[in-house]
Every structure is written in C-alpha cells, then in structure tokens.
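Please read the points below with the model open beside them. They are notes on confidence, packing and a few individual residues.

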Amino acid sequence: MAFNISATEATQASRSPMRSAFPSGVPSFWPLAVAEADLALTDSLQNQYCTSLGKNSLDNSCLGIIISSMSSTETATRKEIYDLESYDPKRSIGGLLGRVRIEIVAALDAELAPLDITAAQFAVLKSIAHEQAGSASGLCKDISYDPGAMTRMLDRLERRGLVRRVAHPNDRRASNLELTAEGKAVYPKLRASAMKVLNRLLSGFTQKEARQLERLLQRMLENA
C-alpha cells in the first residue's frame, strides 16, 4: 500500500496530537518516522550550507555555530631569513652585494680608463649631474666617502675643468658644486660606459627580472 505523504505534512502531523493529516490505516509510528527523516534531511542540508561558506565564516543562519576548524588563536609566525645555523657570509645577500659592488667598480674603472676617469670620480660627477648632492658634505653622505679624500678628488676634478665650486648664496663658508660645460659634455660618455658595464653583468637576465631585482633592492633600502 502506497501513501503519497510529503515530509512536511508528516512533520506537521507528527506535531499534532490527533495526527489528522494521515488517512486511516496508516501505522501509528509512520508520522513520527517521516518527521524524523525530514529533520535529518534538514540538518544535513544546513550542515552542507554552513560548510560551503568556508572555514573562516560565522553565519547567523547556521544557528550561531562556529565552524570547528576555525581557530581564533592562530597567528602567522614570521620566520627570519637567516639564523646562526644557516647563515653563510659568502652566500648571504650582504656578501653577494659586496662582491657585486667590487666587480662593478673594477669593470667600470677598466671601461672609463680611456677617458682618464675612475669609477669613484664618475660617482661624484653622477651625483652632481643628477643633483643628488650639491656640496662636498652632501657627496660624502651620498656615496659614503671620507671627507678628506672627497676634498682631494674635487680638487682634481676642478683642475681638469669638469667641476667648479660656486659660492653659496646664503653661507660664505660653504660652496655649491656644479658641472662645467666640459663636464656636461663628457658626462653622457661616462653614463654610456656605466650602462655598458651593467648590461654586461646582467647578461642572461630578462628586463622583467632586472626590474624585479631593482624593486627588491629598493625594498631593502626602505628597510634600512
């Protein structure tokens, strides 16, 4: 004998003392069994819905239940890049940057030799040309150079007619630095030589990799 009774009707009937929704002849246990099946199905669908919301959700429609996999005490632990056991000065960022700098200076010295300019002198001319520093003290800070050695280098560049000292408008004890006409004329050649050296050291790199390296080094400077 078949009974076309929906789960909802069964539930309503199970909650009625008279259970009048069911026809005669239906076993007395039937309404309660159908109601229990309906509730089980409802719970199953609700659990599936709550789970689909994700591990990090708190949903009011899920009866205020907190997903068990969520932990409010979980914190991301930042691991240091170097530690005493794994640190190798030769292979560290600092060691590699130091060696790269040495190679750049040596290669630039060789490249600029025909122009009778050293890598250190180029650094000074570059800082003045791009207005990164306009005084001897500013140059010392910009390229990390000894004040006495800086004064002697500026004297040599001034004698060669590449740089001149100009009186500071507001301070008689100080002077500004600027490139002479000859210095401005030779600077593009120095700049081209520097780019040639860097391109050689970046051989095998893509432009995207070079830009990424620049960004990473810039981030290091921002952390300094």
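Is glutamate 182 buried, partly exposed or exposed?

1. Glutamate 182 is partly exposed, at a relative accessible area of 48%; the classes are buried under 20% relative accessible area, exposed over 50% and partly exposed in between, with a 1.4 Å probe and protein chains only. The residue belongs to helix H7, where helices are DSSP runs of H or I with at least four residues, strands are runs of E with at least two, and numbering starts at the N terminus. Contact means heavy atoms within 4.5 Å. On that basis, and with neighbours within four places in sequence left aside, glutamate 182 is in contact with Arg160, Gly161 and Leu162. Between the C-alpha atoms of glutamate 182 and leucine 162 there are 5.7 Å in space, against 20 residues in sequence.

2. On provenance: this is a predicted model, in which local features need pLDDT of at least 70 and side-chain atom pairs count only at pLDDT 80 or more, while totals for chains, interfaces and linings use all residues. Residues are numbered from 1 along each chain as its sequence is written, and side-chain values use heavy atoms, with hydrogens and water left out.

3. On confidence: pLDDT is the predictor's confidence in each residue, on a scale from 0 to 100. Its mean over the chain is 77, and 64% of the residues reach 70 or more. Two stretches should be read with this in mind. Over residues 16-22 pLDDT stays under 50, and the model has twelve contacts beyond four places in sequence for them. Residues 63-75 also stay under 50, with eleven such contacts.

4. On overall layout: the chain has eight helices and two strands. Read from the N terminus, the order of elements is α-α-α-α-α-α-β-β-α-α. Of the 224 residues in the chain, 21% are buried. Taking contacts between residues at least 6 apart in sequence, 38% join residues at least 24 apart.

5. On helix packing: two packed helices are described by the angle between their axes and the distance between the axes. Helix H5 (residues 136-143) packs against helix H6 (residues 147-159) at an angle of about 115°, and the axes are 10 Å apart. Here axes are lines fitted to C-alpha atoms, for helices over the stretch in contact, and angles run from 0 to 180 degrees between N-to-C directions. The crossing of H5 past H6 is right-handed; a crossing gets that name if the near helix is turned clockwise from the far one by less than a right angle, and left-handed if anticlockwise. H5 contributes Ala136, Leu139, Cys140 and Ile143 to the contact, and H6 contributes Pro147, Met150 and Leu154. By class this gives seven nonpolar, no polar and no charged residues, where Ala, Val, Leu, Ile, Met, Phe, Trp, Tyr, Cys and Pro count as nonpolar, Asp, Glu, Lys and Arg as charged, and the others, Gly among them, as polar.

6. On aromatic pairs: rings of Phe, Tyr and Trp (its six-membered ring) pair if their centres lie within 6.5 Å; planes under 30 degrees apart are stacked, over 60 edge-to-face and the rest tilted. The count by this rule is two aromatic pairs. Tyrosine 82 and tyrosine 87 are edge-to-face, with 5.6 Å centre to centre and 80° between the planes. Tyrosine 82 is partly exposed at 37%, and tyrosine 87 is partly exposed at 44%. Phenylalanine 122 and tyrosine 187 are stacked, with 6.3 Å centre to centre and 10° between the planes. This pair links distant parts of the chain, 65 residues apart: phenylalanine 122 is in helix H4 (residues 119-129) and tyrosine 187 in helix H7 (residues 181-201). Both phenylalanine 122 and tyrosine 187 are buried.

7. Threonine 180 is buried, at a relative accessible area of 10%. Residues up to four places away in sequence aside, threonine 180 touches Gly161, Leu162, Val163 and Arg164. Serine 193 lies in helix H7 and is buried, at 10% relative accessible area. Beyond four places in sequence, serine 193 is in contact with Leu108, Glu111 and Leu112.

8. Arginine 200 is also a residue of helix H7. With a relative accessible area of 44%, arginine 200 is partly exposed. Its contacts, neighbours within four places in sequence aside, are Ala107 and Glu111. The C-alpha atoms of arginine 200 and isoleucine 104 are separated by 10.0 Å, at 96 residues apart along the chain.
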